[in-house]
Each structure stands twice: as structure tokens, then as C-alpha cells.
Amino acid sequence: MYKVLSIQDDVMTRQIKLENIITGTVDVCFDDSGLVEERNFEFMELQKQYQCKIKLFGEIVEQKEDAILCNIIDKDIFVGKKSMIKVLVCSDEYYIPVDKVMDVINGDWFYYKISRKDLIQVNDIVHGDYL
């Protein structure tokens, strides 16, 4: 469960700052759901709480410098129609597209250099790119 701390509207997209109410982790997430589908995340309001799924956008790296350690907790997850893996970073769960990592990873963990975090599901609303 996440609490909305702030919403920054850009021209066509938004940056939403979310706080995981269990772990206290704050994530700034990119939201372009309004560009893709009429049913999107624009219903989100400040200080309200939502069930959210956040995708890590980036690449696997060999070194841990400037990267996070991802522990794989499930290799068979679907968000909408897209196959994802669920990873644990410290105590927080995130999602990464299977096709971005499965040919590269060897084991139950890997280092991942994040360039962005994307909001891909809020409550029962799935981002249009995943339908």
C-alpha cells in the first residue's frame, strides 16, 4: 500500500511521489497512463492510499556501483498481459519485464541500474501498455 505524497504534472505526463506505508520507502514514479488509455491513473489524489505496482526501468549490470541488488521472488507474474518478474529490493517489491532480464540473469539475484521507476498498476487499473 502506498500513500501519494505529491503529484507533479508535466505537459503530457506526471511524476508521482509515493511512500510505501509499510517500509517507509519513497519512490518517484513516472506516469504516462493518460497518454495510452482513457481508464488511467489520473484518479489518484494527494494523501490517499492505493495498491500500486512499480516497474523498474533500466539494465542489468555486473558491478554494484550505482546499482541496486534485486532478489528474485517470483519469475511467473503477469501485470495485465505482460510477463514480469517480481523482485525484492531491501524490503520493497518491484517488477521488471521478463524479456529484459531472463536471458541475462544467472541465479536468484542480480544488480540492476535504474534509470526510472514507472507506475504500471494502481488498485485494479492496469496501465494501457500492459493490456
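1. **Cys90 and the cysteines.** Cys90 is exposed, because its relative accessible area is 72%; exposed means over 50%, buried means under 20%, and partly exposed lies in between (1.4 Å probe, protein chains only). Its sulfur is 9.9 Å from the closest cysteine sulfur, in Cys70, so the pair is too far apart for a bond. Cys29 is buried, with a relative accessible area of 1%. The closest cysteine sulfur to that of Cys29 sits in Cys52, at 7.4 Å, and this is too far for a bond. The structure holds zero disulfides, a disulfide being a pair of cysteine sulfur atoms within 2.5 Å.

2. **Basis of the values.** This is a predicted model, in which local features need pLDDT of at least 70 and side-chain atom pairs count only at pLDDT 80 or more, while totals for chains, interfaces and linings use all residues. Residues are numbered from 1 along each chain as its sequence is written, and side-chain values use heavy atoms, with hydrogens and water left out.

3. **Salt bridge between Lys117 and Asp27.** The salt-bridge count comes to seven; the rule asks for a side-chain nitrogen of Lys or Arg within 4 Å of a carboxyl oxygen of Asp or Glu. One of them pairs Lys117 with Asp27, at 2.4 Å from N to O. This pair links distant parts of the chain: Lys117 belongs to strand E9 (residues 109–122), Asp27 to strand E3 (residues 26–31), and the two are 90 residues apart. Strands (E, at least two residues) and helices (H or I, at least four) are DSSP runs, numbered from the N terminus. Lys117 and Asp27 are both buried.

4. Where is Lys86 placed? Lys86 is in strand E7. Lys86 counts as buried because its relative accessible area is 17%. Its salt bridge goes to Glu93, with the closest N and O atoms 3.7 Å apart. Glu93 is partly exposed, with a relative accessible area of 38%. Salt bridges that share partners also join Lys55, Arg116 and Asp118 into one network. Leaving aside neighbours within four places in sequence, Lys86 is in contact (heavy atoms within 4.5 Å) with residues including Asn71, Ile73, Asp74, Ile77 and Tyr95. Glu93 is also among them.

5. **Lys48 and Glu45.** Lys48 forms a salt bridge with Glu45, and the closest N and O atoms are 3.6 Å apart. Lys48 is partly exposed, at 41% relative accessibility. Glu45 is partly exposed too, with a relative accessible area of 42%.

6. **Asn40.** Buried or exposed? For Asn40, what is the class? Asn40 counts as buried because its relative accessibility is 13%. Its place is in the loop between helix H1 (33–36) and strand E4 (49–50). The side chain of Asn40 makes polar contacts with backbone atoms: the oxygen of Glu37 at 3.1 Å and the nitrogen of Glu42 at 2.9 Å. A polar contact is a pair of N or O atoms within 3.5 Å; within protein, one must be able to donate a hydrogen and the other to accept it, and residues adjacent in sequence count only if both atoms are side-chain atoms. Not counting residues up to four places away in sequence, Asn40 touches Ser33, Gly34 and Ile125.

7. **A nonpolar surface patch.** Val11, Met12, Leu35 and Val36 form a nonpolar patch on the surface, with about 420 Å² of accessible area together. Areas come from the Shrake-Rupley method with a 1.4 Å probe; for residues, only the protein chains shown count as cover. Patch members have over 30% relative accessible area and no salt bridge; nonpolar side chains (Val, Leu, Ile, Met, Phe, Trp, Tyr) are joined within 5 Å, like charges within 9 Å. Val11 is in the loop between strand E1 (2–9) and strand E2 (14–20). Val11 counts as exposed because its relative accessibility is 79%.

8. **Leu5.** Leu5 lies in strand E1 and is partly exposed, with a relative accessible area of 29%. Not counting residues up to four places away in sequence, Leu5 touches Lys17, Glu19, Val26, Leu46 and Gln47. Leu5 and Ile125 are 120 residues apart in sequence and 20 Å apart in space, C-alpha to C-alpha.

9. **Lys81.** Lys81 lies in the loop between strand E6 (68–79) and strand E7 (82–89). Lys81 is exposed, with a relative accessible area of 68%. Beyond its neighbours within four places in sequence, Lys81 is in contact with Tyr130 and Leu131.
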